[in-house]
Amino acid sequence: CTLTGPEQQTSFRPLLHREDRHAELTCCSWTPTSAQPNPTVPSAPLKNKPDNTSQQQPSSHSIGEADIYITSLRFGCALGHSLAPPRTPPAAATASNSSACMQSPINSNMNASFSSSAGRSRPQVAVPPGIYLRSSTAPVHSSTSSLGSLFGAAPLTSLLPGSEDDFRALIHQAFVPHIGLLASQDTDALAKDKGFADFKDLIRPFGEKVQGRVTVRDSQGVSFTHEEFGIRIRGLSDLFANPPEERRNSRPNGAYTPNPNLKEPGWFAGGNIQHVEDLAYAYVEHAEELARISLNPDSGTPTTGKAFYLLYLRRLLSGMPISPHETFAHPVACVIAISSRNPAPIETLRALYAAGNEAMGMPEYVNNDYLRYYVLVHDEDRDDIMKSTALFDQMKKHFGLHCHLLRLRSGRTVVTDDDAVSVPPCQWLTAAEELAELRMRETRDDDEPQKYLPDSEITGIKTMVREMVAQSVIPYMEKCITTWNDQVASRRRGLSGKFMSMSKRFLGSSRTSSSAATSNYDATTSSYIPSSPEAQMRKLADFAFMLRDWRLAHSIYDLLRTDFSNDKAWRYHAGAQEMTVISLILAGQPLTTKVRQDTIDPLLDLACYSYQTRCTATYSALRCLLVTVELLRIRGGGAADDAAKWAIRALEMNALGTVGNALVTERVSACYGVRRGVGTGAWGSRKRKTAMWKILAARAWIDIGKMVQARYCIDDAMPVYEGTKFVGVRGFIEHLKEVSRFGETALILDGEDARDVMMSPDQFEMSGEE
């Protein structure tokens, strides 16, 4: 620090712990207003630090009370109804960037808030030299928080051990290849004889985690092994059954014309936030009932806020609807299954192949040139294995090597059988599917029996899925990546591709027929045809992302942003910006302050703006924010503060329901809780912000009557606020504790007592003892 004043300048370097020796603490200069005998305790009134300071500076423990005082002002404004600062509209918030963001009302109007009341003076607090009084709450939309230069590149070890594994694996498993399924009627009948709804219901749970390790080669030919690799198996008709909301969003005028020949099973549809809200509310209500009757929940029932948020995010990501601007939900392959019961197997296979090409209401932007995988299901109880083997050899002769023979028994397996093994539950159901299952359970008098299969059949199904993924699906995707990268992306990277991009940029401003002819974007359908270079490059990037080649995916996404912007394909443009940010974080490069400010913040801000304002795609905007929040929180350090900022942005979207609002509010607290601090004084920790957002989450749970969850949040925040001498904070927390303890029978405050609890900044003054 450097002292500038009547005394001579003195420089010193703060002592750090051995493990924190690499950090360097830099404080601002302090200039006293008058000569003082002791520069350590200034007697002049404290001045606010000007807002043009590039970064906020750390404070020491001797100003802890003053810092808490300012935090209390922020706390009161956040919790009081009449004093809550107005929220920025989503459009206005997206238009602002990280360098010109809205300042905190406490930070920007501190002098006004202290002088607004007559007879009230600012507290005289002993402040060490080189430190200015600041608010401990950073601006909501600021990408540079206090101590950002010191702890901005904190390693992943700043997180608690194992706290990031669940969410990292969740995001990896959310973006996986989708496999369609077409089964003949005799194959579905065999599955029904075994107690399943259809053949898809039989094999679907085994595709979520492929048995053993899966080896994938990247664009450079280097092999990587993945422990947990999965696929998503769905009926081909279910993949093409889009919700009407997504179809309206894909039209420029919002018009939607239903297809009378298209079967739309509503409880398979994804992209509906309300379904996720309803499911989360049902689980929270179930946990509240178990807590009221003092019963321990089952092992699979979530009880904490983190578990509920994990369920919320999983169901949000499991319902990705098929959309023109991304190909994650487009089928990579299609399983065509027949059984040995079929009297004309080859003809049936050809009919199913034709049905996968022409029927099922396939949109024009979906490429039907996907991989076909043929499965012959042999009935061990009724048919001859020799005939099935001969038929299987004939299938390989007609359709190639992408075939498999699966041997099953037609009888139902019960728990008393010797080799009976329970079928694992499906973890990636959509919210609509799980809600439908819950409603079916309510209508039944008895519980649904557990499904069992013989151990040999489970092993056979796992082997079929592994062979399909390792020998057919992944090699097919690698071949597509190599072909598109050499034939399409390399031309776009070359000089001719750059020249064409520049010509589009300059000709696109003049709305002439010649400029429209140079674009492959169809404004009437708001999509590219599958054979266009833009669509192939987007599919190339998505394939690379699903195979976890983050660097190749990031380079292609970044390349496509310019093309989509030139064509004014705003939904494609928003999707490319979203995936550019996500692939950049997953690539593992250091997220310095410069990278976060100059790259991540502008891209994410523009992606949300395009999703919300230009496309009204609320689901896509919410998915973009929540996935980025978790990835930034996992990186720790200054990225965790950015994660809290974008989580607050998700709250301001007004797209969340009551349960989602409470869960995301808790998640803001978890983001701030990542900052553990360094040294004996825990410099850089965010424990007060963590506790404040826990209290706000408790308030949100109380508003919807979930007292058990509110009690959990209050208990987590109490170690910070326990024993505080601030009347307003203590009164508010005690009120929340009473409400959460007694529920509906809690004490109802009258007008005068309510004014004492819903405090104003005047009521946060410190007493004489303080």
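Student: How many helices and strands does the protein have?
Tutor: The secondary structure comes to 29 helices and eleven strands, taken as DSSP runs (helices: H or I, at least four residues; strands: E, at least two) numbered from the N terminus. This is a predicted model, in which local features need pLDDT of at least 70, side-chain atom pairs count only at pLDDT 80 or more, and totals for chains, interfaces and linings use all residues. Residues are numbered from 1 along each chain as its sequence is written, and side-chain values use heavy atoms, with hydrogens and water left out.

Student: Thanks! What share of the residues is buried?
Tutor: Of the 770 residues, 53% are buried (buried is under 20% relative accessible area, exposed over 50%, partly exposed in between, with a 1.4 Å probe and protein chains only).

Student: Switching topic, where does Arg548 sit?
Tutor: You'll find Arg548 in the loop between α19 (533-546) and α20 (550-566). Arg548 is not a glycine, yet has a positive phi of about 65 degrees. Most residues other than glycine have a negative phi.

Student: And is Arg548 buried or exposed?
Tutor: Arg548 counts as buried, at 15% relative accessibility.

Student: What about the phi of Thr616?
Tutor: Thr616 is not a glycine either, and its phi is positive, about 50 degrees. Thr616 lies in the loop between α22 (593-614) and α23 (618-635), and counts as partly exposed at 47% relative accessibility.

Student: One more: which loop holds Pro363?
Tutor: Pro363 is in the loop between α13 (345-358) and β6 (371-379). Pro363 counts as buried because its relative accessible area is 18%.
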